[in-house]
There are 2 protein chains.
Amino acid sequence: MLSIGDLSRRTGVKVPTIRYYEQIGLIEAQGRTSGNQRRFGLAGLERLEFIRHARDLGLPLDAIRTLLSLNETGAQCDATHAIASTHLADVRSRISRLQRLEAELSRITRACDPDGTGPCGILEALGDHGRCHGTH
Amino acid sequence: MLSIGDLSRRTGVKVPTIRYYEQIGLIEAQGRTSGNQRRFGLAGLERLEFIRHARDLGLPLDAIRTLLSLNETGAQCDATHAIASTHLADVRSRISRLQRLEAELSRITRACDPDGTGPCGILEALGDHGRCHGTH
DNA sequence: GTAGGATCTCCAGCGACTAGAGGTTCAAGG
DNA sequence: CCTTGAACCTCTAGTCGCTGGAGATCCTAC
C-alpha cells in the first residue's frame with residue numbers, strides 16, 4: 001500500500017499532479033485510510049508509470065486516456081499505432097516549424113549591431129515582415 | 001480610421017485576439033465612435049503588425065511588451081539583443097528535445113506489429129521506460 | 001424604415017498543471 | 001500517552017494565449 005507521496009517518489013510525478021490525474025479520471029486510488037488518505041496498489045503504480053512515460057513522450061492526456069483503455073480491452077494494434085503515428089507526425093511538423101523559426105530568428109538576431117549608431121536592427125526586422133526569407 | 005474588422009483583415013490577427021490585446025494593454029484604440037466602436041490609426045496598425053510578426057516568431061507576449069517599450073524609449077540594442085537571443089536559445093533547446101523525442105517515438109512506433117499475435121509492442125514500450133535509449 | 005452584418009461587453013473554457021489557504025492525519029520520539 | 005511536524009486533505013484560483021458563445025447594440029446599404 002503506497003501513500004500518494006510514495007507514489008510520487010517512485011514515479012517522479014508530483015503529488016498535486018497525481019491528485020489532478022485522479023480528478024480527471026485517469027487513475028484511481030485503491031482505497032482510503034480511515035483518515036481519508038489515498039492508498040495505491042501495484043496496479044496504480046504501473047498505470048502512473050505508463051502515463052508518466054507517455055507524457056514524457058509528449059502525448060496529450062486525452063490520447064493517453066485512449067491508450068489506457070485500449071490496454072485494458074485487449075490491445076488493438078491498429079488504433080494504438082494510429083495514435084502513436086499521428087503524434088509522431090505532429091512532433092515532426094513541430095520540429096520543422098521550429099527549424100524555420102530558428103533560421104529566421106538567428107538572421108534577425110544577427111541584424112543587431114550594438115556598437116552602431118543607427119536604430120536597433122532587431123526591432124526594425126520585427127516591425128517589417130517583408131524582409132523575412134520564406135515563411136514562418 | 002480603421003474599424004477592428006479592417007485591422008483584422010490587414011494584419012491577419014483575429015478580432016477577438018485584437019480585443020484581447022487591448023484588454024491586456026498591448027495596444028490601444030485611437031478612440032471610439034459615438035456608438036462605442038473602436039477606431040484605429042496607422043500607429044495601431046504598425047504596432048499590431050509588429051506584435052503579429054513577433055508572435056509568429058514564437059515570442060511570448062511578455063517579451064513583446066518589453067520590446068514595444070524598448071522601441072518607444074529609443075532602442076537599447078543590448079536589451080533587445082538579450083531578449084532575442086534568449087528566445088533563440090529556447091527555440092534551439094526545444095528543437096533538440098523534440099528530436100530526441102522523435103527518435104524515441106519512431107522506435108516505439110516500429111515496435112508495433114499489427115499482424116502479430118502477441119500484445120501490442122507500442123503499449124508494452126509505453127509501460128516500460130527501462131527499454132528506452134537515452135533520455136527524454 | 002428595415003435587414004443583416006459588424007460590433008459591443010461579459011463570461012467560460014481549453015491543456016496540463018501549479019500554488020496557496022486553511023484544516024486534518026500519521027508516524028516517530030520523549 | 002502526548003506532542004511535534006511532515007505529510008496529507010479539499011477547494012479555489014492562477015498560468016498562457018487565445019477562442020467561443022450569449023445577448024445586446026450599431027452601422028451601412030437598399
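How much of the chain is helix and how much is strand over residues 1-70 of chain A? In this predicted model, that stretch is 60% helix and 6% strand. The points below start with chain A and then turn to DNA strand D.

**Chain A, residues 1-70**
- An unreviewed UniProt entry gives residues 1-70 of chain A the feature "domain: HTH merR-type".

**Chain A as a whole**
- You can find six helices and two strands in chain A.
- Follow the sequence of chain A and the elements come in the order α-α-β-β-α-α-α-α.
- Chain A has 136 residues, and 26% of them count as buried.
- Among contacts in chain A with a separation of 6 or more, 41% join residues 24 or more positions apart.

**Around DNA strand D**
- There are 21 residues around DNA strand D.
- From chain A, Gly5(A) and Arg38(A) are among those that come nearest, and from chain B so are Gly35(B), Pro60(B) and Leu61(B).
- Sorted by class, the surface near DNA strand D holds ten polar, six nonpolar and five charged residues.

Terms used:
Residues numbered from 1 in each chain as written. Chains lettered and ligands numbered in written order. Predicted model: local features only at pLDDT ≥ 70, side-chain atom pairs only at ≥ 80, totals over all residues. Near = placed C-beta within 6 Å. Nonpolar A, V, L, I, M, F, W, Y, C, P; charged D, E, K, R; others polar. UniProt positions renumbered as here; feature names shortened; annotations may be inferred. Helix = DSSP H or I, 4+ residues; strand = E, 2+ residues; numbered from the N terminus. Buried ≥ 20, exposed ≤ 12 C-beta atoms within 10 Å, placed from the backbone. Contact = placed C-beta atoms within 7 Å.
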